[in-house]
Every structure is written in C-alpha cells, then in structure tokens.
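Student: Can we go through the helix packing in this one? Keep it quick, please.

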Amino acid sequence: MVKVLEYVFEELNTVPNFPETAYRALKMLEDENVNFEKLAQVIRYDATITANFLKLVNSAYIGLRRKVESLSQAFALLGLNQIRFFLVAACAGQYLNRALHGYGLSPYEVWLHSLGSGVFAELIAEKVKARNPDHVFTAALLHDIGKLVLDLFVGGELEVIRELVKDEGLTFMEAEIMVLGTDHAIVGAELLRRWGFPQETIFAVRAHHDEDWMVQNQTAAIVALSNMLTNLVGIGMGADGLSYRVPSKLLKVAGLKDRELFSIITEGFKRYQNIKENLLSQAR
Ligand SMILES: [Fe+2]
Ligand SMILES: [Fe+2]
C-alpha cells in the first residue's frame, strides 16, 4: 500500500503544469478595475483557452440575441465573476474532458460533473457574495481532479476499489484509502499545491469529503456543498461518497439559509441544463 502511495506522489511530477495563460489572466482578474483590453491580449495567444471560453459563454447564454464571437464582446456582456468562472472552466477543460476508465466514467460525465459543481459554486458565491469567488470557482471545478491522477497511475487498482464498494458497502473514499493509502481529495490537493494554487483553493479540494474540514471556512463549505448538490440532482460521478443530507452547519458556513437551498437547486440545475444541452449540440 505504501508503495502505491509513494508511486502516485512521484508520478504527480509528470502531470503537465496548469497553463501559464490562465495564471496570468486569473491574477489580472483579482483587480476589480481590470483592463479588459489587456486581459484579452493575454488570453488571445492561447487558442485552446480562447475557443473553450467562447464555447462555454455561448452555451451558458442561450438567450443571447447573437453569438459571442470575440473575447472583447464577451467581456462587455459578462460580469467580472462570470468572466472568472468561464476562464477557469475553459482552462480546466483540457484536464477534465477525458475518460476515467478506472472509475467507469466517460469524458462527458467527468466534464459535466465538474461543470455542474462549478455552476452551483458560481450561483452560491453570487448569492452569498462570497469573499473569494475566484478561489471558489477554481476549487469547485477542480475538486475531483485527484481522480484523474489516480486513474492515470493506478487505474488497475481501481477495479479492486470498485469491487470493495460494491461487495462490502464501503464508500469510494474509504475504499481508496484501504487500497491506495490515499484518496482523490488528498491527491487532488497535492497536485494543486504543486501547480502553485492559493492555499484556500487547495484546502477546499482537500476538504470536499471531510465533514469536519468542509466547515472550516466559506470557500471549503461552498465547494463541498456544490459537489453535494451536483450529485443530488443526478449529475453524479458514480459512487463519490454520495450523501443526500445537506448538513445545516455546512449551509451556515457557506452563508446560506435553509430556505434558500431549494431555489439554489432549481436555478443551478436550470443553468447546468442550459450549458449541457448547448455543449452537446455544439459537439454534434
Ligand atoms: Fe470527490
Ligand atoms: Fe465530486
């Protein structure tokens, strides 16, 4: 078991860096008075990120009268937080748009679960006026990235994990720990640390299945809650420590009232459906 753990952490070095363009752009977006002209200049050089960004914006805003075709057009239409959200999503897409064979997930399932969590996180951050919305989006979109790493390097062991979940009734997290000596939350947080993400983002990823840790700060709470709601409405990632109870403490730390939860779920699901249908129709 220790061998597996060491191997996974060693192999983490071989995962490519998070795109430089994304770092620079996200840094610029920390400034409320960011110069959009300069921001567009930074992003424009990365064709994949630009294309993904425009695709996502056009998917999410089906109500737009015309198609958004340029970065400056998108910036003029969107709020600062929406720009942040779609930018992180556009950058994360290249990591999350792939199959996780060990987990029995198609690229679409992985991507939709990440996007779904991101959409809920965006909505909650907006509703509660989160202190650090950019940390919230990044952590929500990347919260399960540890699964990608485990799938890459120990895909074979995942068979054993799946069997333990099925036959012994363990949660996926418990089975990951038993077989690998680590779990996807630990591995994901470590990857983000190596990529140089802020401590708050790393912590939220680390905490997303831990009931004590997820209530330590607002970012961690919103991220864990977004993951739960995403599973709750059926945008699941298989057996991802599924829980249908949303603890009131979690809502409180996130900054939400119990009675606000229903509207968050319906609105979030609507937004997610919009994105999903449009992404699918663009892919066809
Ligand atoms: Fe997870
Ligand atoms: Fe998840």
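**Helix packing, pair by pair**

Tutor: Start with α10. This helix has 12 residues and reaches 16 Å from its first C-alpha to its last, close to the 16 Å expected at 1.5 Å a residue. Bear in mind that the model is predicted.

Student: What follows α10?

Tutor: G169 does, and its phi is positive, near 70 degrees.

Student: At what angle do α10 and α11 pack?

Tutor: About 135 degrees, with the axes 9 Å apart. Here α10 covers residues 157-168 and α11 covers residues 172-180. The two are therefore oblique to each other. The crossing of α10 past α11 is right-handed.

Student: Which residues make the contact?

Tutor: From α10, they are E157, V160, I161, L164 and V165. From α11, they are F172, A175, E176, M178, V179 and L180.

Student: Why does the spacing along a helix matter for which residues point the same way?

Tutor: An α-helix has 3.6 residues a turn, so residues three or four places apart point the same way.

Student: Next pair. How far apart are the axes of α4 and α6?

Tutor: They lie 8 Å apart, and the helices pack at about 120 degrees. Residues 47-60 form α4, and residues 80-96 form α6. An angle from 65 to 115 degrees would count as roughly perpendicular. This pair is therefore oblique: α4 to α6. In passing α6, α4 makes a right-handed crossing.

Student: Which residues make that contact?

Tutor: On the α4 side, T48, I49, N52, F53, L56 and V57. On the α6 side, F86, L87, A89, A90, C91, G93 and Q94. By class, the contact of α4 with α6 has 9 nonpolar and 4 polar residues, and no charged ones.

Student: And α12 with α13, at what angle do they pack?

Tutor: About 165 degrees, with their axes 7 Å apart. The helices are α12, residues 184-194, and α13, residues 199-207. They are therefore roughly antiparallel to each other. Their crossing is right-handed.

Student: Which residues of α12 and α13 make the contact?

Tutor: A185, I186, G188, A189, L192 and R193 come from α12. T201, I202, V205 and R206 come from α13. That contact of α12 with α13 divides into 6 nonpolar, 2 polar and 2 charged residues.

Student: Switching topic. Where is confidence lowest and where is it highest?

Tutor: It is lowest in α1, residues 2-11, with a mean of 78. It is highest in α13, at 96.

Student: What pLDDT does the protein chain average?

Tutor: The average is 85, and 92% of the residues score at least 70. Where pLDDT is low, the predicted coordinates should not be read in detail.

Terms used: Residues numbered from 1 in each chain as written. Chains lettered and ligands numbered in written order. Predicted model: local features only at pLDDT ≥ 70, side-chain atom pairs only at ≥ 80, totals over all residues. Axes fitted to C-alpha atoms, helices over the stretch in contact; angles between N-to-C directions. Helix = DSSP H or I, 4+ residues; strand = E, 2+ residues; numbered from the N terminus. Parallel < 35°, antiparallel > 145°, perpendicular 65-115°, else oblique. Left-handed = near helix turned anticlockwise from the far one by under 90°. Contact = placed C-beta atoms within 7 Å. Nonpolar A, V, L, I, M, F, W, Y, C, P; charged D, E, K, R; others polar. Expected span 1.5 Å × (residues − 1). pLDDT = per-residue confidence, 0-100.
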